[in-house]
Amino acid sequence: MKAHDGMYIDGAWRPAAGRDVIEVVNPADEQVIATVPAGTAEDVAAAVRAARAALPGWAAAPPAERAARLAALRDVLAARKDEIAETVTAELGSPPAFSQAVHASVPIAVAGSYADLAATYAFEEKVGNSTVFHEPVGVVGAITPWNYPLHQIVAKVAPALAAGCTVVLKPAEDTPLTAQLFAEAVDEAGIPAGVVNLVTGLGPVAGQALAEHPDVDLVSFTGSTAVGKRIGAAAGAAVKRVALELGGKSANVILPSADLAKAVNVGVANVMSNSGQTCSAWTRMLVHRDRYDEAVRLAAAAAAKYGDRIGPLVNAKQLQRVRGYIDQGVAEGARLVAGGPEAPRERGYFVSPTVLADVTPDMTVAQEEIFGPVLSVLRYDDEDDALRIANGTVYGLAGAVWAGDEAEAVAFARRMDTGQVDINGGRFNPLAPFGGYKQSGVGRELGRHGLAEYLQTKSLQF
Ligand code: NAD
């Protein structure tokens, strides 16, 4: 795999300050495919300086010019779609078809949506005797995870650019090659030097230096709740804006009137896609006690059918973690009806699609984010019981409701403490706000709600 041995700072690939490197491993065969530099606080400082210097020019660029650059970025991503999909497959392990259909395609749609929004958003409005300007927040520190490597970069960088902010990006250590491709695309799209800068490196070194840098105005983080809490605390102490997109433990609520087979099959596919490494996955399936046994049979069959189509987990640590959760589920009384902790292949970080039945709401596997292809099936007595279980975790990122009647599903969804709910299998909408209630996060991404995160208001009175 092609890799740059420098950082993309101020419009050029520049040597890293230190000599340490990060090895990039293909999780399907455990081979090292590339190395990238492990950035230090010095690299971060250089990148923040470049972003600060570029800010006045980019913030003052007419929205139509920012829109044109974002449209160019969308076009470059589209032209390099195959290369992006191959790179995501190589470093994340995602099956090629999923890399094409999701990892490479969704970012094109999101970049395009921000090209449109930059051109049409009301950056100035009248409120009584005032004119209110929506101005860029400033320099953004974007810290992203590995599970949707390009989507999570574009979901931060595109709205930041549309708003007139400049960015320093620190991508996850497992997927830096996709981030380097993105920096190449930024360059090719003619985005001015310093507007987007890339520092690869370890979270506790480069990530922490970026999150704590005094000249960063907004930290936008997606990743684990543990790191998110630390970043939120540091931002609070510095009176700095922060956006956090953290974990989830979403509920797929199948009401008694639902088409059970459809709800179960779509639910299993939702959990297994991307090998279960999706923060908004519906990892708890809630079924009425009268239809419970049938649902478990259907879920086990759907998981077994998924079988070989699943990719590996991202790394050895995640593999151990996910196996540990399956063991713990069984130890706490869950019944394994598909998959299990055993390695299905000799090489690679694979886990079989796994279904745990007889899971009760207090079990660890019903409370904690597993981040692997593991579905827990829970039983409820009536709607109020289903709602208590659905809302009974610290998280509130996503969810699903299935019912024979759409209005019945909507009424239930309105009572859920969660940021987005799919009704009877509703499709992903790249313009709809995405983000969490409770400990799933602070702030929203995507669409105009995502753009607003990167703006601050100034009002002039007349
Ligand atoms: P993580 O939170 O450690 O990493 C996410 C990003 O934060 C990476 O870029 C990382 O380098 C950076 N980071 C790590 N420590 C940092 C620090 N002290 N300061 C600043 N930045 C730091 O997540 P992980 O270890 O890759 O995954 C662990 C768990 O997190 C997963 O099992 C899963 O539960 C959860 N996760 C959630 C999402 C999501 O989309 N919500 C994505 C990935 C992982």
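Which residue in β16 does Leu 356 stand opposite? In this predicted model, Leu 356 faces Ser 376 in β16, and the two residues belong to a parallel pairing in which strand β15 (residues 354-359) and strand β16 (residues 374-380) are joined over 4 bridges. Both strands are part of an open sheet of 7 strands, whose order is β14-β15-β16-β13-β12-β17-β18 and whose pairing is mixed. The edges of this sheet are formed by β14 (335-338) and β18 (422-423), each of which pairs on one side only. Strands of a sheet pair through backbone hydrogen bonds, in either the parallel or the antiparallel sense.

An antiparallel arrangement is found for β3 and β4, which are joined by 6 bridges. Within this pair, Val 21 stands opposite Pro 37 in β4. The two strands form a hairpin with 4 residues between them, and in the turn Glu 30 adopts a positive phi of about 65°.

Helix α3 itself comprises 12 residues (residues 81-92), and the span from its first C-alpha to its last is 16 Å, close to the 16 Å expected at 1.5 Å a residue. Its buried residues are Ile 84, Ala 85, Thr 87, Val 88, Ala 90, Glu 91 and Leu 92. An α-helix has 3.6 residues a turn, so residues three or four places apart point the same way. Just after α3, a positive phi of about 95° is taken by Gly 93.

With regard to nonpolar packing, the largest core contains 63 residues, and those with the most contacts inside it are Leu 70, Leu 73, Leu 77, Leu 161 and Phe 182. The element that gives the most to this core is α6, with 10 residues. At least three residues of the core are drawn from each of domain 1 (6-246 + 439-461) and domain 2 (251-430). When residues up to four places away in sequence are not counted, Leu 70 touches Ala 111, Tyr 114, Ala 115, Ala 118, Ala 158, Leu 161 and Ala 162; of these partners, Leu 161 is itself one of the residues with the most contacts inside the largest core. A second, separate core has 31 residues, including Leu 255, Ile 326, Ala 334 and Val 351.

Notes. Residues numbered from 1 in each chain as written. Predicted model: local features only at pLDDT ≥ 70, side-chain atom pairs only at ≥ 80, totals over all residues. Heavy atoms only, no water. Expected span 1.5 Å × (residues − 1). Buried < 20%, exposed > 50% of the residue type's maximum accessible area, 1.4 Å probe, protein only. Pairing = 2+ DSSP bridges. Core = buried A, V, L, I, M, F, W, Y, C linked by side-chain atoms within 4.5 Å. Domains from an automatic or database assignment. Contact = heavy atoms within 4.5 Å.
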